[in-house]
Amino acid sequence: MMRRAGFNVTEFTASCNNATTPEAVQRSVAGYIDWMANLPLFDEAIALGWVDRSTLNDMGTKMQQWSEHPDAFLALGRCRALGRKDEH
């Protein structure tokens, strides 16, 4: 897709991370909750009517509750592509 959009792709990476202890899961989830509260992307989603702050706050509360379960386990897959678009 990036090449179709006119980018020269210079790097691809993929990784998998996990949190396997209660402390690591809670720390990771707390970071995501903070991200949801402070990233402008979520303010834009609210402005567009895709979600409201109450729903995001409820999601954060539920995530926090889940992270406190002794069997909680978090695994994340991530992909990244870096490209450059030459100006003509």
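Rings of Phe, Tyr and Trp (its six-membered ring) count as a pair if their centres lie within 6.5 Å, with planes under 30 degrees apart called stacked, over 60 edge-to-face and the rest tilted. By that rule, the structure holds two aromatic pairs. Tyr32 and Trp35 make an edge-to-face pair, 6.3 Å centre to centre with 80° between the planes. Because they sit three residues apart in helix α1, Tyr32 and Trp35 are separated by about one helical turn. Trp35 also pairs edge-to-face with Phe42, at 5.2 Å centre to centre and 80° between the planes. Together, Tyr32, Trp35 and Phe42 form one aromatic cluster.

A word on the basis: this is a predicted model, where local features need pLDDT of at least 70 and side-chain atom pairs count only at pLDDT 80 or more, while totals for chains, interfaces and linings use all residues. Residues are numbered from 1 along each chain as its sequence is written, and side-chain values use heavy atoms, leaving out hydrogens and water.

How exposed is the cluster? Phe42 is buried at 14% relative accessibility (buried means under 20% relative accessible area, exposed over 50%, partly exposed in between, with a 1.4 Å probe and protein chains only). Tyr32, at 26%, is partly exposed, and Trp35 is partly exposed at 43%.

Stay in helix α1, residues 22-38, and you will find Ile33, partly exposed at 22%. Beyond its neighbours within four places in sequence, Ile33 is in contact (heavy atoms within 4.5 Å) with Gly60, Met63 and Gln64.

Finally, visit Ser67 in helix α3, residues 53-67; helices are DSSP runs of H or I, at least four residues, numbered from the N terminus. Ser67 is buried, at 0%.

Notes: Helices (H or I, at least four residues) and strands (E, at least two) are DSSP runs, numbered from the N terminus.
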